[in-house]
Amino acid sequence: NWIGSFLEPHPRNLTDPENMKEMTAERLRGVIRNGLPNTTMPAWKSVLSATQIEAVVAYINKAFHPLKGFDTN
């Protein structure tokens, strides 16, 4: 959205299949937990529980782009 246009580097476009083609559920969990160095993506492990992080991953899987290795069970 427009807020991301002010961030450097710009956040990943979660709706772009090219950007997301190599994204796995496990990798996304790690990025949410630990952040990404040299980007505007902070670590959330001190803020969100493991269950909440899993809910974010599930939301991205459903709303934006199917993730490789996402188990719906």
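Is Phe-64 buried, exposed or partly exposed? Phe-64 counts as partly exposed, because its relative accessibility is 33% (buried is under 20% relative accessible area, exposed over 50%, partly exposed in between; 1.4 Å probe, protein chains only). The model is predicted: local features need pLDDT of at least 70, side-chain atom pairs count only at pLDDT 80 or more, and totals for chains, interfaces and linings use all residues. Residues are numbered from 1 along each chain as its sequence is written, and side-chain values use heavy atoms, without hydrogens and water.

**View A. The aromatic pair.** The structure holds 1 aromatic pair. Tyr-59 and Phe-64 form it, edge-to-face, with 5.6 Å between centres and 85° between planes (ring centres of Phe, Tyr or Trp, the last by its six-membered ring, within 6.5 Å; planes under 30 degrees apart are stacked, over 60 edge-to-face, the rest tilted).

**View B. The two sides of helix 3.** Ile-53, Val-57, Ile-60 and Asn-61 are buried in helix 3 (helices are DSSP runs of H or I, at least four residues, numbered from the N terminus). They cover an arc of only 100° around the axis, so they lie on the same side of helix 3 (the arc is taken over directions from the helix axis to the C-beta atoms). Thr-51, Tyr-59 and Lys-62 are exposed on the other side. The buried residues pack against helix 1 (17-20) and helix 2 (25-34).

**View C. Asn-61.** Asn-61 belongs to helix 3. Its relative accessibility is 16%, so Asn-61 counts as buried. A polar atom of the Asn-61 side chain lies 2.7 Å from the backbone nitrogen of Leu-67. Beyond neighbours within four places in sequence, Asn-61 contacts Pro-66, Leu-67 and Phe-70 (heavy atoms within 4.5 Å).

Technical notes:
A polar contact is a pair of N or O atoms within 3.5 Å; within protein, one must be able to donate a hydrogen and the other to accept it, and residues adjacent in sequence count only if both atoms are side-chain atoms.
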